[in-house]
Amino acid sequence: MPLSIISIPQTIHKTIQQLSYEIFGQPIGSAPTVVINHALTGNSTIIGKNGWWNDVVGNNKTINILKYTVIAFNIPGNGYDDFYIFDYKLITTKQIAEIFWYGLDHLKIQNLFHLMIYCLK
């Protein structure tokens with residue numbers, strides 16, 4: 001699916017103006033929703049060419065896109081959507097979580113079936 005953009009109001013964050021994401025599998029509202037977050041340097045392309053999660057997400061895989069709606073947000077400022085933050089002291093993980101929460105609310109997602117987080121140490 002192509003990259004989609006949600007405008008972030010300044011009441012949510014003064015510096016971050018957009019949240020980009022991709023949706024895979026079933027349309028929003030038609031199936032349980034799984035959100036997959038990635039490492040800071042990753043991106044929302046979780047399946048397909050260069051997909052981070054090709055081994056786990058797809059048709060008849062552990063996260064079966066025939067059964068689920070899968071959403072992957074980009075970490076704001078990671079550059080995947082041509083928006084960069086060069087000084088990550090301008091944003092906290094709490095603020096990123098608030099931006100993701102705004103994204104879910106904007107997409108009218110009230111319940112999550114599962115949240116997957118990939119983290120590098």
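**Reading the model step by step**

Reply: Asn-64 counts as buried, because its relative accessibility is 10% and the limit for buried is under 20%. Please bear in mind that this is a predicted model.

Me: Where is Asn-64 placed, and which residues does Asn-64 touch, not counting residues up to four places away in sequence?

Reply: Asn-64 belongs to strand S5, which covers residues 63-64. Once residues up to four places away in sequence are set aside, Asn-64 touches Gly-58 and Asn-59.

Me: Is Ile-63 buried or exposed?

Reply: Ile-63 is buried, since its relative accessible area of 9% falls under the 20% limit. Strand S5 is also where Ile-63 is found. Beyond its neighbours within four places in sequence, Ile-63 is in contact with Val-34, Val-56, Val-57, Gly-58, Tyr-68, Val-70 and Met-116. Ile-63 and Ile-5, by their C-alpha atoms, are 24 Å apart in space and 58 residues apart in sequence.

Me: How many residues does the largest nonpolar core have, and which of them have the most contacts inside it?

Reply: A core is read as a group of residues, and then by its members. The largest nonpolar core has 19 residues, and the most contacts inside it belong to Ile-16, Leu-19, Tyr-21, Ile-71, Phe-73 and Leu-107. At least two residues of this core come from each of strand S2 (18-25), strand S6 (69-73) and helix H1 (93-106). The element that gives the most to this core is H1, with four residues. Another core, of 13 residues, lies apart from this one; Val-57, Ile-63, Ile-65 and Val-70 are among its members.

Me: With which residues is Phe-73 in contact, leaving aside its neighbours within four places in sequence?

Reply: A contact list shows which parts of a sequence come together at one residue. For Phe-73, the list comprises Leu-19, Ser-20, Tyr-21, Val-35, Ile-36, His-38, Ser-44, Phe-100, Gly-103, Leu-104 and Leu-107, with neighbours within four places in sequence left aside.

Me: How many helices and strands are in the chain, and what pattern does the chain follow along the sequence?

Reply: The chain has one helix and seven strands. Along the sequence, the pattern is β-β-β-β-β-β-α-β. The chain is as compact as a globular protein of its length, because its radius of gyration of 14 Å is close to the 14 Å that the globule rule gives for 121 residues. The C-alpha trace spans about 40 × 30 × 25 Å along its principal axes. Of the 121 residues, 46% count as buried. Finally, among contacts between residues at least 6 apart in sequence, 64% join residues at least 24 apart.

Notes: Residues numbered from 1 in each chain as written. Predicted model: local features only at pLDDT ≥ 70, side-chain atom pairs only at ≥ 80, totals over all residues. Heavy atoms only, no water. Core = buried A, V, L, I, M, F, W, Y, C linked by side-chain atoms within 4.5 Å. Buried < 20%, exposed > 50% of the residue type's maximum accessible area, 1.4 Å probe, protein only. Contact = heavy atoms within 4.5 Å. Rg over C-alpha atoms; globule rule 2.2 N^0.38 Å.
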